[in-house]
Protein chains: 2
Amino acid sequence: MKSVISGTTKLYGVVAHPIEHVRVQALFNPYFDKHDMDAVFIPIHVPPEGAAAAMDGFRRMKNLNGLVITVPHKMAFMTLVDELMPTARLAGATNIIRPEADGRWIGTNLDGMGFVGGLRDKIFPPEGKSFLLVGTGGAGSAIAATLVQSGIARLTIADVLRGKAEALAARLRAAVPDVPVDVVAANPDPAGYDVAINATPLGMHDGDPLPFDPAKLEGDTVVAEVVQAPPVTRLLHEAAARGFRVLQGGNMLDYQFIEMAKFFHAAA
Amino acid sequence: MKSVISGTTKLYGVVAHPIEHVRVQALFNPYFDKHDMDAVFIPIHVPPEGAAAAMDGFRRMKNLNGLVITVPHKMAFMTLVDELMPTARLAGATNIIRPEADGRWIGTNLDGMGFVGGLRDKIFPPEGKSFLLVGTGGAGSAIAATLVQSGIARLTIADVLRGKAEALAARLRAAVPDVPVDVVAANPDPAGYDVAINATPLGMHDGDPLPFDPAKLEGDTVVAEVVQAPPVTRLLHEAAARGFRVLQGGNMLDYQFIEMAKFFHAAA
């Protein structure tokens, strides 16, 4: 972090509720320090009912240069900014916003890029591959939006709320018509995909059911996780025990971080 | 400053326009660090027209524990908080605010305490002394409000806007009837007071006229200054050259700082 905060120091932050667990400031402050930037990154605790008034206040803070938006605000902030980039519109959520030179705020969604970055670096590039994605909440929708924009062969999505999966599939098909998107029932068969992703919260707690059955995995399917804690969920543990390659959820923020820093720097 | 900002770090700040020159964060961050407090103090640049919306936003930031309010916001924030302590009401301005446990924000004004603290420490206690105060803007009003609450013998005030001086005098007399408060014309005769204070901006720039004539000083009057830069104004220079004791304006923030820290800690 910047060793001295002065009157010229630029502000960045993360908006969350609760706030205690957030860790993105632990990535940004050392980054600012390393690059000798006159900036500081702060946690900002805003309960859900305060989001609109808080955003109105952020607009008046002229040395505030960007915000990471996280749980439970990713959908609310879609309607609080002035413009959304395509990935945020497609995902139905924004996880990072910045003011432009003219004072308008623009948002995008880099969650999917974090997932794809980790996949690309640790396993293989997404191009030409087939994906099963279980869970179409904030993280799942963002991953789906980025995947269909990444030259994949096909995407199959599932959610216990089937209507939510259908609505996401319709948005994805309309935006990127050349990628086939199918919807299947919850607890789907993971056989036959290059990558099977859990984007539900299942696996955070002991005794959670599994999003799909690892016993049905075949061939060399990669099993990927969105859940960050524990780092090795029961799903990943059982897949690895059967000899399948796995990708942990904790990679997403690390791979997303550099894209976040680029987005903040890209302000006009 | 706190070496690591985490999700549990409490926020404090200073609201100003412009922001580049503010220096109160340079007092608070080392203080937090020295006392091993999980807190950070940030500059917040809010233009005048954004004050109301910014305050509404600050109310939603639940890890924000207090704000110093400075130029040009000291009067506007009087009407933006939920409660004012007596010195702020008397001064007609607030320079520090904090949220109470129930979410209500309360403001006070410590500018006068900064002046009186410096006087007490460097020269003599104010009790029983007579004061001439030239200038009834934010700083002058705050000094006047604290002086009449400090057991002084009498206060004489002057302002080029005589109506402003009369209005302040009326508030002071109503609040503290046993201290005589007189109003005299601008450019007053400084003879016969224990302390003669410049609380106008005169002296910041070369060629500024003097708030009163140092050639008319008599006896052992102390000449005090509110202007912080230059540290030795022409007024102080000429008074010192004539053998009078002087008190520099730069002392005010330093003596006020510990009162600010106490005010933040005193939140219910």
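**Fold, core and salt bridges**

Me: At about what angle does H2(A) run to E6(A)?
Reply: H2(A) lies across E1, E2, E3, E5 and E6 of chain A; helices (H or I, at least four residues) and strands (E, at least two) are DSSP runs numbered from the N terminus. Axes are lines fitted to C-alpha atoms, for helices over the stretch in contact, with angles from 0 to 180 degrees between N-to-C directions, and contact means heavy atoms within 4.5 Å. On this basis H2(A) runs to E6(A) at about 120 degrees.

Me: On what conventions do these values rest?
Reply: This is a predicted model, in which local features need pLDDT of at least 70 and side-chain atom pairs count only at pLDDT 80 or more, while totals for chains, interfaces and linings use all residues; side-chain values use heavy atoms, without hydrogens and water. Residues are numbered from 1 along each chain as its sequence is written, and chains are lettered from A and ligands numbered from 1 in the order in which they are written.

Me: Which are the edge strands of the open sheet in chain A?
Reply: The six strands of this sheet follow the order E2-E1-E3-E5-E6-E4, with mixed pairing; two strands pair if DSSP finds at least two bridges between them. Within it, E5 (residues 96–99) and E6 (residues 105–108) of chain A pair in the antiparallel sense over four bridges, and Arg98(A) has Ile106(A) as its bridge partner. The strands of chain A that pair on one side only are E2 and E4 (83–84).

Me: Which residues touch the most other members of the largest nonpolar core?
Reply: A nonpolar core joins buried Ala, Val, Leu, Ile, Met, Phe, Trp, Tyr and Cys residues through side-chain atoms within 4.5 Å; buried means under 20% relative accessible area, exposed over 50% and partly exposed in between (1.4 Å probe, protein chains only). The largest core has 44 residues, and elements of both chains give two or more residues to it, including H2 (51–60) of chain A and H2 (51–60) of chain B. Those touching the most other members are Phe58(A), Leu67(A), Phe77(A), Phe58(B), Leu67(B) and Phe77(B).

Me: Where in chain A does Lys74(A), the partner of Asp111(A), lie?
Reply: A salt bridge places a side-chain nitrogen of Lys or Arg within 4 Å of a carboxyl oxygen of Asp or Glu, and the closest N and O atoms of Asp111(A) and Lys74(A) are 2.7 Å apart. Asp111(A) belongs to helix H4 (residues 111–122), 37 residues from its partner. Both residues are buried. Lys74(A) lies in the loop between E3 and E4.

Me: How many residues apart in sequence are the parts that Glu83(B) and Arg104(B) tie together?
Reply: The side chains of Glu83(B) and Arg104(B) meet in a salt bridge at 2.7 Å, N to O. Glu83(B) is partly exposed, at 33%, and Arg104(B) is partly exposed, also at 33%. Because Glu83(B) lies in strand E4 and Arg104(B) in the loop between E5 and E6 of chain B, the pair ties together parts separated by 21 residues.

Me: What is the radius of gyration of chain A?
Reply: Chain A comprises eight helices and twelve strands. The globule rule (2.2 Å times the number of residues to the power 0.38) is compared with a radius taken over C-alpha atoms. For 268 residues the rule gives 18 Å, and chain A is close to this, so it is as compact as a globular protein of that length, with a radius of gyration of 19 Å.
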